[in-house]
Amino acid sequence: MGKNQHVVPDGAGGWNVKGEGNSRATANYAKQSDAVKKAKDIAKNQNSEELTHGRDGKIRDRSSYGNDPHSQKG
C-alpha cells in the first residue's frame, strides 16, 4: 500500500497534493477540484486513500482505493 494523498491549502490561495509524511508537495493547483482529481489518480495507482482538507485544515472528505479495513463486504 502506498502513501495516502492529502489535498491541503498551500497558504497562497491554491491547493497542494502531498503524500502522507512528505514535506514537499507532489503537485500544486489553483483549484481544489483539480488537486482532488490528481490526488485520487495517485491514490488509485498506489492502492491508498485520498483525503481532502478544507481551508481550516480539517478533513472534509476521503476516498479509499485499497484494502480498506473499515469497508463492509457481503
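Modeller: The side chains of His6 and Glu20 are joined by a polar contact of 3.0 Å. A polar contact here is a pair of N or O atoms within 3.5 Å; within protein, one must be able to donate a hydrogen and the other to accept it, and residues adjacent in sequence count only if both atoms are side-chain atoms.

Colleague: What are the ground rules for the numbers?

Modeller: This is a predicted model, where local features need pLDDT of at least 70, side-chain atom pairs count only at pLDDT 80 or more, and totals for chains, interfaces and linings use all residues. Residues are numbered from 1 along each chain as its sequence is written, and side-chain values use heavy atoms, with hydrogens and water left out.

Colleague: Is His6 buried or exposed?

Modeller: His6 is buried, with a relative accessible area of 16%. Buried means under 20% relative accessible area, exposed over 50%, and partly exposed in between (1.4 Å probe, protein chains only).

Colleague: What is His6 in contact with, leaving aside neighbours within four places in sequence?

Modeller: Asn16, Val17, Lys18, Glu20, Leu51 and His53. Contact means heavy atoms within 4.5 Å.

Colleague: Where does His6 sit?

Modeller: In strand β1. Strands (E, at least two residues) are DSSP runs, numbered from the N terminus.

Colleague: On to the sheet. What is the strand order?

Modeller: The order is β3-β2-β1-β4-β5, an open sheet of five strands with mixed pairing. Its edge strands, each pairing on one side only, are β3 (27–29) and β5 (59–64). Two strands pair if DSSP finds at least two bridges between them.

Colleague: Which way do β1 and β4 run?

Modeller: Parallel, with three bridges joining β1 (residues 5–9) to β4. Gln5 has Glu50 as its bridge partner in β4.

Colleague: And how many bridges join β4 to β5?

Modeller: Five, and those two run antiparallel. Leu51 is partnered by Arg62 in β5. The hairpin of β4 and β5 has five residues between the strands, and there Gly57 takes a positive phi near 90°.

Colleague: Why is β4 largely enclosed?

Modeller: Because five of the five residues of β4 (residues 49–53) are buried. On one side these are Glu49, Leu51 and His53, and on the other Glu50 and Thr52.

Colleague: What about β2 and β3?

Modeller: Strand β2 (residues 15–19) runs antiparallel to β3, with three bridges. Asn16 has Asn28 as its bridge partner in β3.

Conventions: Helix = DSSP H or I, 4+ residues; strand = E, 2+ residues; numbered from the N terminus.
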